[in-house]
Amino acid sequence: MARILVIEDDRTTATEIAAELAALGHTVIESHDGDEALERATQEHFDAITLDRMLPGLDGLNIVARLRERRVAAPVLMISALSDVDERIAGLRAGGDDYLVKPFAPGEMATRVEVLLRRAASSGRETMLTLGALRLDLIHRQVSIDGEVVKLLHMEFRLLEFLARHAGQVMSRRIIFEQVWGYYFDPSANLINVHIARLRSKLDRPGRASPITTVKGEGYRLDAI
């Protein structure tokens with residue numbers, strides 16, 4: 001069973017989350033302060049983290065961003081009373097893997113954590129994805145082309161990893177949105193376009209065709225460099 005860190009300043013909510021996860025056999029550690037939580041998450045091993053958005057000390061956005069900077073790869077379920085789309089996007093863009101709005105059903109929370117655990121376990125079976133000169137190190141979350149390291153933000157890496165796992169296939173914007181960002185497709189969202197443009201600016205090389213192809217009306221395809 002997994003070792004899970006619950007970061008939540010409301011002790012009643014923290015106890016409810018911990019009890020639901022412990023009932024599934026997981027080992028749960030609670031932290032009620034942002035600064036302490038960051039220190040524990042950085043220095044100890046956790047298989048998953050639930051993270052309240054609003055905390056004393058460091059808030060949830062700062063915590064998840066710093067975790068990703070320090071290469072802590074544990075999946076993070078962000079939990080918040082802030083429900084608008086911009087807040088969800090901010091949480092995911094900062095490095096969160098999923099976003100749950102308060103009030104929530106404990107069973108849904110536990111299911112989301114288990115989905116993140118399964119996803120992490122599945123990706124953990126591979127350590128490297130290679131497409132010609134493009135290499136993705138899944139352990140250290142690092143990308144290189146011809147041995148040269150390419151610095152990507154957390155969600156840029158997740159998008160590239162998803163496309164790499166389906167290399168040569170055209171993936172629709174709907175599937176990308178739901179699988180990478182973790183919630184239902186919003187046709188008006190510009191998120192995918194922005195991240196595809198950022199990836200191209202970092203992956204494209206002079207004299208070579210871009211590895212990311214836009215297939216009009218269908219989606220995007222990643223090919224070997």
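Trainee: Which element gives the most to the lining of the largest pocket?

Mentor: The model is a predicted one. The elements that give two or more residues to this lining are helix H3 (60-69), helix H4 (85-94), helix H5 (106-124), strand E8 (142-145), strand E9 (148-150), helix H6 (154-165) and helix H7 (173-181). With nine residues, the one that gives the most is H5.

Trainee: How much space lies in that largest pocket, and which residues are the closest to its centre?

Mentor: The space in the largest pocket is about 1,400 Å³. It is lined by 47 residues. Those closest to the centre are Ala73, Arg141, His154, Phe157 and Glu161.

Trainee: How do the residues of the lining divide into nonpolar, polar and charged?

Mentor: Asp, Glu, Lys and Arg count as charged, and Gly is among those that count as polar. On that basis, the lining of the largest pocket has 16 charged and eight polar residues. The nonpolar residues number 23.

Trainee: What is the radius of gyration of the protein, and what does the globule rule give for 225 residues?

Mentor: The protein has eight helices and 11 strands. Its radius of gyration is close to the value from the globule rule for 225 residues, so the protein is as compact as a globular protein of that length.

Trainee: What share of the 225 residues counts as buried?

Mentor: Buried means under 20% relative accessible area. The protein exposes about 10,800 Å², of which carbon and sulfur atoms supply 50%. The share of residues that count as buried is 46%.

Trainee: What share of the contacts with a separation of 6 or more comes from residues 24 or more positions apart?

Mentor: Contacts are taken here as heavy atoms within 4.5 Å. Among those with a separation of 6 or more, residues 24 or more positions apart account for 55%.

Trainee: Which peptide bond is cis, with omega near -10 degrees?

Mentor: Most peptide bonds are trans. The bond runs from Lys102 to Pro103.

Trainee: Is Asp146 buried or exposed?

Mentor: Asp146 is in the loop between E8 and E9, and its phi is positive, near 55 degrees, in a residue other than glycine. The cut-off for exposed is over 50% relative accessible area. Because the relative accessible area of Asp146 is 54%, this residue is exposed.

How values were computed
Residues numbered from 1 in each chain as written. Predicted model: local features only at pLDDT ≥ 70, side-chain atom pairs only at ≥ 80, totals over all residues. Heavy atoms only, no water. 1 Å grid on protein atoms, 1.4 Å probe; cavity = no way out; pocket = protein on both sides within 12 Å on 5 of 7 lines; lining within 4 Å. Points joined across faces, edges and corners; volume = space filled by probe spheres on them. Helix = DSSP H or I, 4+ residues; strand = E, 2+ residues; numbered from the N terminus. Rg over C-alpha atoms; globule rule 2.2 N^0.38 Å. Buried < 20%, exposed > 50% of the residue type's maximum accessible area, 1.4 Å probe, protein only. Areas by Shrake-Rupley, 256 points an atom, 1.4 Å probe, with all protein chains shown as cover.
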